[in-house]
Amino acid sequence: MDTLVAQLQRQFRDYTISLYHQGFLDDQFTELKKLQDECSPDFVAEVVSLFFEDCEKLIGNMARALDQTGNVDFNLVGSSVHQLKGSSSSVGAKRVKGLCVTFKECCDSQNFEGCVRCLQQVDIEYKSLKAKLQDLFSLEQQIVQAGGRIPQVDI
Amino acid sequence: MSIACELSNPNLKKTKAETIVGNWTSKKILLFRVLCGLVCISLVLWLCLSFYVGSLCICNKDAESSKGVLFRNHNVTRSEIDAMLSLFFDSNQVTSFECRKESNPGMWESYGITCSLSTRLEKDEEAKRHVAELMSSSEASILDNLEENVEKEEDESGHQDVLFYLMNKWHWWFVLCVLVAAHFIFEFHRRKEVSFLQDKQQTQCKRDGKLRKNMLLLCIIAGVSLSVFWFWHTNEKILRQRRETLTNMCEERARVLQDQFNVSMNHVHALSILVSTFHHGKTPSAIDQKTFSEYTERTNFERPLTSGVAYALKVTHSEREKFEKEHGWTIKKMNPEDQTLVHEFDPAPVQDEYAPVIFAQETVSHLVSVDMMSGNEDRENILRARALGKGVLTSPFQLLKSNHLGVILTFAVYNTNLPHDATEEERIQATIGYLGASYDMPSLVEKLLQQLASKQTISVNVYDTTNASSVIKMYGSEVGDMSEEHISSLDFGDPFRKHEMHCRFTQKPPIPWLAIMPPGFALVITFLLGYIFNEAINRIATVEEDIRKVRELKARAEAADVAKSQFLATVSHEIRTPMVGVLGMLKLLMDTDLDAKQMDFAETAHGSGKDLISLINEVLDQAKIESGRLELESVPFDLRFLLDNISSLLSGKAAEKGIELAVYVSSHVPAVIIGDPGRFRQIITNLVGNSIKFTQEKGHIFISVHLTNEVREPFDTEDEILKQRLGSDETCNTLSGYPAVNATGSWRNFRTFQDHISSDKIELLVTVEDTGVGIPFEAQSRIFTPFMQADSSTSRTYGGTGIGLSISKRLVELMQGEIGFVSKPGVGTTFSFTGVFGKDSSVTALELFDQSIHEFQGLKALVIDSRNIRAEVTRYHLQRVGISSIDIASSLGTASTSCASKLVNLDLVLVDKDAWNKEEYVAFSDLLNSGQETYTRPPKILLLATFTTPLELSEIKSSGLVDEVLMKPLRMSVLICCLQETMGDGKKRQIKRKPKNLGSLLRGKHILVVDDTVVNRRVADAVLRKYKALVTCVDSGKAAVAMLKPPHDFDACFMDLQMPEMDGFEATRRVRDLEEEMNKKTDQSRKWHTPILAMTADVIQATNEKCIKCGMDGFVSKPFEEEELYSSVARFFDK
């Protein structure tokens, strides 16, 4: 039993570190984890799921806005990007945040192609993040189910 | 033509090819072409001019000669001729001018020349017509001559024309060749340019260099050919002159010789007539040998050239015997082999005819009786002479006796006067005798040449050229310059004989220095110029290369600089973030249970971290300033309050070192000024920090602030501090009594004591005086250079990067001020700086202690201090808290003796610790109490102390002599607290200690979080909840406004800035409006002002100002960081 837990814990640790190293996450995610305590045991998962909902919604908005060829409302797209940037930085989704910065620049310069490209990238990025985080959470759950403690990962 | 086209429009092709450097290059090339063109033009002009002048001279000469001819031969009045000449001349001139003028625009067209030439011909025709017209009035006979002359001149001028034309043609070809060559070079370069279009920039310089080199080569070639041509031209002229001289001299000699000979011949002729008259004409003869010899001898002077004369009679064979008998001698035969012995002459053989000499001059008396017919030469001569009736000459032969070459002149003597047209037969018949004279040719020529000047320069040869195949040399030698010879024909009156005179210079022509020197110089100059230009071109090339390199390096350096600044900014920022964490953790660590050792370690670590942070901030500032990104805020702030803060911050350090720190602000300085408090604080902190660092265990640091207006008019000032500072050079009258340098020196060099400051601006002068080690004189010049400390040992001794002053200087400059200092090693340093600030009259005070100040108004205080300035500083602080009537006494003793009247109704007595004296104090307090009898409340005694050990403090306090001990530096808040404690009715107010962490700060506070993003909201909520705050979240500006509509019970609000519909700024504005409305309505003591803090992700963005403008109180960065959150929240919850 213990070996399984230890294995899972090691796996969890490695996976988390890889996420940080690959730049999917940053310190803010660690901060979020710190905020998670007895009062709100699923705080991180909650926030993250909120974030992904938000993402989906915003990306949908932006896709719609960019779909209207001819008169794209860059301000609308810009504000959506800004929101996405805010929420991604709150969650610590580093790559999404970085993309948002580029996206915002494209928006400000009204670069349609750049915007579309960025949107696609953001879409891909957030989906991959989502998958990764789901893996991470499932790992966590496995650890908990196996009766182990979720290890503190120091980056 | 094509070149001309290119010259005029060189950009045509280029514009397509070149876009970036095109303009520049084309300009350069155009310049080169223009230069080339100018050179060519000047060359051609010069040539034209020289030829024009030459032809003009020739024309002139022609004209002169024709004038001479006319004048000599005809009775044409001089004026007429002159008029005509001027006409010629004019026409010539005009023609030449035309020609020249034509050649200018005709640079590129060779047909221009023919054109001009035709013009010239036309003009000549015209001139001729003019002459004809002019001459029609004069005699017809002249006309012919004139015509002839004109024709001659025309011929000549035609010749000139042809020459000119040829020459010009030659020049044109030359110029054309040069231009074509230049054109080809340009074409070549253009093609190259086109082919190397891509890496134009780099090869540009090289190509330019090559172009220039080619140009130079061309110029040098032109120069060399020019000088060669010049040399050739001059040399030709010299040779021509030489030839002319030779001709002239030769002709002169020939004519003289001829004349002499002819004269001599005439004399011989005369002699023959004499003989015919007196010998044959008279019977008996009037002449015999003796007479003849005598006469001839005496008249020899007339014939200086003859060596002797003899007369021979014509005797036929039939008459021979009779003749021989008559004379008594036989006719002898001439013996050419031996002429010396006459008597041995053999008798003449039988002949048809004899010519025996009967009379002879003394010199040739041996010839008497010799038959002249027996000599071949003589016989021929005699026959010819009698046939022609003129003097005839023999060919030269060796004369008898003298070994010179000579000729014999023979005249025939006729017995009758023959008519002119007598036939040969008649002449022969009439012949009766022959007169011969021998001429000694060499001596003849010798004599002649001696008469003429410069006989040395030329050598003369005389030849008999009767027989062309065998020329006989009569005189002269084969010396002299064989290359040049002039031949003049001589006419000695004998048509059968031909003689020639050959003249040549005895010397070879001298080296024509005149022709060599100027072209030589020109050549040398050309080469020198070529060398200089070559050097210049090389230099240009290297310089261009250097410039290119420098540009490259500059670009790289700039890029590196930008990169450095960015790197610094990034790194500093990146370092700051973890450092904040480190510091926060250390703080938390210090809050936990630590033993003394651990505490010490933690504190050290914390201190070091703080130092590091401040250093990073400095570096960041420097980087920002260097990249020009630092912008000053302009917000209203309370200067005095700011200075209080600074002094409290630094007092710890100062106290550690035992330095007294004091702040003084002139009463003229408004309470609230507009500027950048942070930067102002930074400057002062820097300066004071330095002062503390460099001041050792004694003395003081004194910060004073005045308006520059006060300093500018120092004698009107009422400010005591300023008076004392400006009044005398007595530097010992300072805060601590230690000598300091006179502060005036530090601002003496300021340019910007600006006279014209608009009414809403003020200029402050801040001085920071210390009694430190001072700055060495040699280091004073570089004190403001970044990273440069006074010397390298300074950093070892005192630490620091040396960046502070540099930043301060930049900041001061940003504040439109200046910074300066005066320093004396060992005495101290005084820094002063000026800065322009805004004056905000609308805000009277940002006082936090409004209410407290009212309490102290009307109090009466006495300051006892031995140091005047320190007393003034204390007075300033007391005035700040509202105490208006303040007296100053220098010591307790003087206070009790001289100021007794002032002691009445005192509320406060502040005694400096330096003036503290127990004995005096006892007397003083007695006095006080006596004066205070009627009042229930005795004056409070406060002791002002700089450094006091806790032990001492408690001792003083416990002695009960003083009510309270005030620690210097004085601060408003401290003073107020202290006064409240002592003056207040016993109720001691607890000074709240600052909560150590956010937990206690935020505990139980109601906080509204406004953010449209649910994630952010959730995170902020979690963070704040962690600090035990009660959090309410709303998702829009509108909701926030609704929530914050007073009355409400929120203690603070965190507001996102960018939200749909209503953003943070707008929401805040509305909330503030609502609050104001509410405040007006209720008019209660409690004023509604909910602290609203902006939440923003990008702190770098200059949104801060905007936040403040909208009525926000501050901002925190998203995501929250504890330290920052603490520092921004602490302001509002600290009370």
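User: Where is the place of Asp912(B)?

Analyst: First, how to read elements: helices (H or I, at least four residues) and strands (E, at least two) are DSSP runs, numbered from the N terminus. Asp912(B) lies in strand S24 of chain B. This is a predicted model: local features need pLDDT of at least 70, side-chain atom pairs count only at pLDDT 80 or more, and totals for chains, interfaces and linings use all residues. Side-chain values use heavy atoms, without hydrogens and water, residues are numbered from 1 along each chain as its sequence is written, and chains are lettered from A and ligands numbered from 1 in the order in which they are written.

User: Is Asp912(B) buried or exposed?

Analyst: Buried means under 20% relative accessible area, exposed over 50%, partly exposed in between (1.4 Å probe, protein chains only). Asp912(B) has 1%, hence buried.

User: Which residues does Asp912(B) touch?

Analyst: Contact means heavy atoms within 4.5 Å. Leaving out residues up to four places away in sequence, Asp912(B) touches Ile864(B), Asp865(B), Arg870(B), Leu943(B), Leu944(B) and Lys968(B).

User: In what order do the strands of the sheet run?

Analyst: Strands of a sheet pair through backbone hydrogen bonds, either parallel or antiparallel. Here pairing needs at least two DSSP bridges. In chain B, 5 strands form an open sheet, ordered S23-S22-S24-S25-S26, with parallel pairing. S23 (885–889) and S26 (964–967) of chain B each have a single partner strand, so one side of each lacks a neighbour in the sheet.

User: How many bridges join S24 to S25 of chain B?

Analyst: 5 bridges. Val909(B) has Ile941(B) as its bridge partner in S25(B).
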